[in-house]
Amino acid sequence: MRQATTTSRGNLLSTTKPPTPPTSPTRSAKPHLARRLIQLYVGLALYGASSGLLVVAGLGLEPWNVLHQGLAELTGMSIGVVSIFIGAAVLLLWIPLRQRPGLGTVSNVFVVGLAMDGTLALMPEVHALSARVPLLVAGIVLNGVATGLYIAAKFGPGPRDGLMTGLHQRTGRSIRLMRTLVEVAVVATGFAFGGTVGVGTVLYALAIGPLAQFFLRFFAAPAPSEGGTVAAGGQPEQAILQP
């Protein structure tokens, strides 16, 4: 009996593997955080570049850039600088709406405007319609790619997104209604100041939702770890509005 017991124990010891040491959450979170940060800033830079392409095409801008362009014409500032000022002003409206900004929210204010001005500085003037139409289409598609990238990084919505969702939460009205009311007011004001409204504005309004939704799912990052402190919570699907 004693010998059998020893053999049984020997078999047990020979087949039992040592436990695998737990993976450090800090070590595993670092590559994930780095990837999300790259995704965020690439997305914001591409968003600014796409807006620059729409300006060069001259066939109509997205709603908020109609306002930015109109104010740029009025003040003499570049459209990118106006975008930064308007983004900062909209961000101040988050305070009474009790919205919580994330790293992506603050970065959005600056990166998009700088990238748009940089793109406009590099792009030549285009006059032929045969070149402007492809620029318009490329700008809209690139805008959808950029929107999916930066929202899927999950560092918080853009300032204008937060304005819409904040109004939705405070009034109880749908996000769609809040978006429509705000963007109609923005386009009308921008057009009165000299902003460009055209077929591109309509095409953008029709295409950006499906495009952004597709690329949001394509670039969706895994859920952030519990140790992350720079990400802002929320439902990214609700933020497919304007950064």
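**Ring pairs and a helix crossing in a predicted model**

F215 is buried (under 20% relative accessible area, with a 1.4 Å probe and protein chains only), since its relative accessible area is 15%. The structure is a predicted model, in which local features need pLDDT of at least 70 and side-chain atom pairs count only at pLDDT 80 or more, while totals for chains, interfaces and linings use all residues. Residues are numbered from 1 along each chain as its sequence is written, and side-chain values use heavy atoms, leaving out hydrogens and water.

A search of the whole structure finds four aromatic pairs; rings of Phe, Tyr and Trp (its six-membered ring) pair if their centres lie within 6.5 Å, and planes under 30 degrees apart count as stacked, over 60 as edge-to-face and the rest as tilted. The rings of F214 and F215 have centres 5.0 Å apart and planes at 80°, so this pair is edge-to-face. With centres 6.4 Å apart and planes at 20°, the rings of F214 and F218 are stacked. Both F214 and F218 lie in helix 10 (residues 199-219), four residues apart, or about one turn of the helix. F214 and F218 are both exposed, a term for over 50% relative accessible area. Ring pairs link F214, F215, F218 and F219 into a cluster.

Elsewhere, helices (DSSP runs of H or I, at least four residues) are numbered from the N terminus. The crossing of helix 8 and helix 9 is right-handed, meaning that the near helix is turned clockwise from the far one by less than a right angle. Contact here (heavy atoms within 4.5 Å) involves L163, M164, T165, L167, H168 and T171 of helix 8 and I175, M178, R179, V182 and E183 of helix 9.

Technical notes:
Helices (H or I, at least four residues) and strands (E, at least two) are DSSP runs, numbered from the N terminus.
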